[in-house]
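Reader: Hello! I would like to learn how to read a protein model feature by feature; could you walk me through one?

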Amino acid sequence: MHDLSALQDVLILLVLALLNAWLFSLLRQSPIVGYLTTGLLVGPYGLHLIKGVHEVEMVAEVGVVLLLFTIGLEFSFKRIIRLKKLLLSAGSTQVVATSVAVACGTYLLGEPPVAAVVLGMAMALSSTAIVLKLLLERGEIDSAHGRIALAILLFQDICVILFIVALPLLGSQSGGFSIWAMGKSALILGGLYLFVRHFLKPLLRGILKTRAPELFRLTILALGLGRAWITAHAGLSLALGAFMAGLALAESDSSHLVMSDIIPFRDVFLAVFFISVGMLVDIRLWISNWWAVLIGIILLSLAKTIAGTLAGLASRYPLQTALVAGLLTFQVGEFSFILMAQARTLNLIPTQTYQLALSIIALSMMLTPLMFRLAQPLSLRLAGLF
């Protein structure tokens with residue numbers, strides 16, 4: 001008889017993810033909160049309903065690759081140029097202020113210098129997925145505070161790539177960057193550039209002429225995953241390769257078609273990614289250290305709100321508008337999970353600190369829809385104090 005344990009795991013994940021996402025949607029919460037809750041329930045620290053944790057993590061990694069791929073697609077150079085001043089002023093202010101505050105604060109609390117730097121990088125990021133979704137639902141993407149938030153999120157997405165590349169340099173793995181390894185990386189990246197420059201557009205046009213939608217989707221998936229795989233073999237990360245693949249396609253004539261075809265795949269795999277993140281959170285440690293998690297979320301939310309407000313003020317927006325943008329970007333984002341997991345793999349951060357950080361990140365994301373409803377009245381009251 002066939003081993004049905006893998007199918008059983010998939011069914012448990014799908015059913016619970018569907019129920020939780022539906023329940024939290026009724027409560028006007030993001031479905032992402034439902035996925036995180038599903039992970040908490042089924043994971044090794046919860047009810048232990050899932051046996052193939054490693055297989056779930058592998059599927060989740062595909063979700064991360066597709067997320068970076070779609071972000072690369074959205075990063076058209078025209079969009080960057082349109083927001084370049086706001087992106088540089090607001091984005092850099094928020095990331096630098098939060099990173100420095102968190103790194104210095106955690107170092108003073110006794111964390112090793114490398115772990116403090118990692119926490120500073122990870123906690124500076126906000127949730128692109130949740131914030132943009134809520135802004136679109138509320139029709140505020142083109143408002144003043146929406147533009148500030150968008151600029152901050154775009155700058156953070158650029159920083160994610162830099163942080164992913166920088167993490168190995170913080171540990172002992174930095175010694176592995178030999179001249180040969182750098183040369184091999186340069187050759188592979190150069191070959192990819194030539195392919196994109198001379199062969200990508202003719203290839204896509206030829207595929208579109210076949211009028212076979214499934215062939216076009218398979219080609220796009222192969223390009224995204226293939227470039228991520230090749231970049232990883234060049235000594236860089238899967239995520240970086242996926243981002244570069246999306247960026248290469250962003251200026252093509254079929255970029256909108258690529259986006260519409262890839263989003264369903266991305267959303268399914270991303271759901272598994274958030275479930276896998278929830279599975280990493282140790283509920284017992286969360287409960288036994290609830291005071292540390294509570295203090296951490298309060299201090300981090302204050303630091304990020306102040307940093308976001310300073311970002312708006314640096315871009316010459318009124319205080320109330322800057323406060324709204326700061327309140328909207330108070331949470332920690334999905335890429336922080338990726339950075340924390342990679343840092344843990346590289347032994348850059350202690351296990352207990354890692355678990356506490358995961359708890360704070362997950363809780364901040366769960367509180368985001370509530371903060372969206374409170375942002376306007378809170379900003380009015382706070383602005384009136386000055």
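This is a predicted model: local features need pLDDT of at least 70, side-chain atom pairs count only at pLDDT 80 or more; totals for chains, interfaces and linings use all residues.

Reader: Where does Ala 116 lie, and what is Ala 116 in contact with beyond its neighbours within four places in sequence?

Author: Ala 116 is part of helix H6. Once neighbours within four places in sequence are set aside, its contacts are Ala 103, Thr 106 and Tyr 107.

Reader: Let me step back for the overall picture. How many helices and strands does the protein have?

Author: There are 17 helices and 0 strands. Of the 386 residues in the protein, 51% are buried. The accessible surface is about 18600 Å², and carbon and sulfur atoms account for 71% of that surface.

Reader: And what share of the contacts with a separation of 6 or more comes from residues 24 or more positions apart?

Author: That share is 80% in this protein.

Reader: Now helix packing. At what angle do the axes of H6 and H16 cross?

Author: For a helix pair, look at the distance between the axes, then the angle, then the residues that meet. The axes of H6 (residues 113–123) and H16 (residues 334–345) come within 8 Å, with a crossing of roughly 160 degrees. Because angles over 145 degrees count as roughly antiparallel, H6 is roughly antiparallel to H16. Their crossing is right-handed.

Reader: Which residues in H6 and H16 meet?

Author: From H6 come Val 118, Leu 119, Met 121 and Ala 122, and they meet Ser 336, Leu 339, Met 340 and Ala 343 of H16. By class, this contact of H6 with H16 has 7 nonpolar residues, 1 polar and no charged.

Reader: H6 also packs with H8. Are H6 and H8 roughly parallel or roughly antiparallel to each other?

Author: The angle between H6 and H8 (residues 144–170) is about 175 degrees, and their axes are 11 Å apart. H6 and H8 are therefore roughly antiparallel. On the H6 side, Val 114, Val 117, Val 118 and Met 121 meet Phe 163, Leu 167 and Leu 170 in H8. The contact of H6 with H8 consists of 7 nonpolar residues, with no polar and no charged ones.

Reader: For contrast, how are H7 and H17 arranged, roughly parallel or roughly antiparallel?

Author: The axes of H7 (residues 128–137) and H17 come within 10 Å and cross at roughly 25 degrees. That makes H7 roughly parallel to H17. The crossing of this pair, H7 and H17, is right-handed. Ile 130, Val 131, Leu 134 and Leu 135 of H7 make the contact together with Met 365, Thr 368, Pro 369 and Phe 372 of H17. The residue classes for H7 with H17 are 7 nonpolar, 1 polar and no charged.

Reader: Let us stay with H17 (residues 351–384) and look at Ser 379, which has its place there. Is Ser 379 buried or exposed?

Author: Ser 379 has a relative accessible area of 0%, so Ser 379 is buried. Leaving out neighbours within four places in sequence, Ser 379 touches Gln 320, Leu 323, Val 324 and Leu 327.

Reader: Where is Asn 347, and is Asn 347 buried or exposed?

Author: Asn 347 sits in the loop between H16 and H17. With 61% relative accessibility, Asn 347 counts as exposed. Phi of Asn 347 is positive as well, near 60 degrees, in a residue other than glycine.

Notes: Residues are numbered from 1 along each chain as its sequence is written. Side-chain values use heavy atoms; hydrogens and water are left out. Axes are lines fitted to C-alpha atoms, for helices over the stretch in contact, and angles run from 0 to 180 degrees between N-to-C directions. Helices (H or I, at least four residues) and strands (E, at least two) are DSSP runs, numbered from the N terminus. Angles under 35 degrees count as roughly parallel, over 145 as roughly antiparallel, 65 to 115 as roughly perpendicular and the rest as oblique. A crossing is left-handed if the near helix is turned anticlockwise from the far one by less than a right angle, and right-handed if clockwise. Contact means heavy atoms within 4.5 Å. Ala, Val, Leu, Ile, Met, Phe, Trp, Tyr, Cys and Pro count as nonpolar, Asp, Glu, Lys and Arg as charged, and the others, Gly among them, as polar. Buried means under 20% relative accessible area, exposed over 50%, partly exposed in between (1.4 Å probe, protein chains only). Accessible areas come from the Shrake-Rupley method with a 1.4 Å probe; for residues, only the protein chains shown count as cover.
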